[in-house]
Amino acid sequence: MLFPVCFMPVNMRFVPVSIGWTILYYRLVLKGKRRYSGVMKAGLAVFLSFLPCLLYLGYGTLRGRFSLPRGLAVAILSLAAVAVAVVCRLALDSLAGRLSGWPSDLFDSFVSTALTEEGARIALLLFACSAAPSRRDVAARALLAGLAFASFENVAYGIRFPDQVALRYLTAVPVHAGASLLCWKTLDGGSSRGFLSALALHGLYAFGLVSARPWISVGALLLIVRLSVRVWGRAALFD
């Protein structure tokens with residue numbers, strides 16, 4: 001594995017090396033009679049949670065969409081945005097506790113989850129997307145911010161519920177990535193439609209999970225992916 005890695009660009013070498021070490025550690029856990037299985041499973045969950053963000057960080061740096069320091073700064077800002085969203089959610093939990101039934105599900109989905117996270121995302125993008133040379137580069141930073149935001153959320157879910165990591169790859173990661181592009185559209189065009197679309201679709205996605213109606217979550221996921229792909233294509237077309 002080390003031989004082909006030596007011929008890879010420096011910005012991309014960490015990807016196969018990290019994957020190789022993760023596989024090695026996991027095999028040691030299995031052969032070690034699960035002596036360190038708890039620690040290794042937590043480490044594996046953290047790595048898998050950040051894998052989409054790491055892959056795109058390497059890709060964006062290699063393509064020149066952003067520098068490695070800028071990409072790492074976006075990731076750190078994403079952690080701050082997640083922290084702000086968590087604090088706001090905790091503050092709203094007392095209000096949600098006064099409701100019951102479907103009003104409680106709606107409040108939890110659209111206010112405690114979608115509004116706090118999309119509000120924090122808008123603040124994140126104001127800093128992450130500043131001073132970019134082109135609209136395509138700004139969109140690339142917005143996409144990285146969404147992936148990083150999802151990564152930090154996945155860490156919490158992955159450590160507590162390791163069996164949900166794959167599910168969040170398929171649902172939460174594209175939701176956050178797409179919502180980030182839609183929020184950037186609001187900052188780029190001055191229209192609130194992008195933010196409102198991200199807020200509504202994120203809320204519907206969360207409502208489907210909370211109310212045990214997965215078809216709502218799937219529909220919201222497909223729609224947010226479709227809209228975000230359109231935003232990405234227009235950023236490239238009018239660059």
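Is arginine 121 buried or exposed? At 0% relative accessibility, arginine 121 counts as buried (buried is under 20% relative accessible area, exposed over 50%, partly exposed in between, with a 1.4 Å probe and protein chains only).

## Basis

This is a predicted model: local features need pLDDT of at least 70, side-chain atom pairs count only at pLDDT 80 or more, and totals for chains, interfaces and linings use all residues. Residues are numbered from 1 along each chain as its sequence is written, and side-chain values use heavy atoms, without hydrogens and water.

## Salt bridges

The whole structure holds three salt bridges (a side-chain nitrogen of Lys or Arg within 4 Å of a carboxyl oxygen of Asp or Glu). Arginine 121 pairs with glutamate 118, with the closest N and O atoms 2.9 Å apart. Glutamate 118 is also buried, at 0%.

Aspartate 137 meets arginine 65 at 3.0 Å, N to O. Aspartate 137 lies in helix α6 and arginine 65 in the loop between α3 (37-62) and α4, 72 residues apart. Aspartate 137 is buried at 6%; arginine 65 is partly exposed at 23%.

Aspartate 108 bonds to arginine 89 in a salt bridge, at 2.8 Å between the closest N and O atoms. Helix α5 carries aspartate 108 and helix α4 carries arginine 89.

Notes
Helix = DSSP H or I, 4+ residues; strand = E, 2+ residues; numbered from the N terminus.
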